[in-house]
Amino acid sequence: MTIVDAVLFDLDGVLVDTREAWFEVLTAAARTLGYPAPSRERFDATWGQGVLDDVREFYPGSSVTELERVYARHYPDALAHLIVD
């Protein structure tokens, strides 16, 4: 049996702020999928929504599965944009 000493979780912005990293991911996904990059205003207005809503808002015609794969491919490149509090 494994004993857990602690469980940590983060609500975005408490320990790590991923907003800028996700802006980079969405911008890279737009390039990959052939869509215009989201404006900062549009991104800020939709920040925190799910992948299905991202498809509807930014990448109509793409599938959730396709977008998840694109996000996974680009997220490591965006890690430099994480802000650690």
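Contact on this tour means heavy atoms within 4.5 Å, and helices are DSSP runs (H or I, at least four residues) numbered from the N terminus. You're looking at a predicted model, where local features need pLDDT of at least 70, side-chain atom pairs count only at pLDDT 80 or more, and totals for chains, interfaces and linings use all residues. Residues are numbered from 1 along each chain as its sequence is written, and side-chain values use heavy atoms, with hydrogens and water left out.

Start by selecting H3, residues 51-58. Asp 54, Val 55 and Phe 58 are buried there (under 20% relative accessible area, 1.4 Å probe, protein chains only). They sit on the same side of H3, because they cover an arc of only 105° around the axis, taken from the directions from the axis to the C-beta atoms.

Next, keep H3 and H4. Their axes (lines fitted to C-alpha atoms over the stretch in contact, with angles from 0 to 180 degrees between N-to-C directions) come within 9 Å and cross at roughly 100°. The two helices are therefore roughly perpendicular (65 to 115 degrees). Show side chains: Val 51, Leu 52, Asp 54 and Val 55 of H3 meet Val 64, Leu 67, Glu 68 and Tyr 71 of H4.

The axes of H1 and H4 come within 8 Å and cross at roughly 125°. That makes H1 oblique to H4. Residues making this contact include Trp 22 and Leu 26 of H1, and Val 70 and His 74 of H4.

Key
Buried < 20%, exposed > 50% of the residue type's maximum accessible area, 1.4 Å probe, protein only. Parallel < 35°, antiparallel > 145°, perpendicular 65-115°, else oblique.
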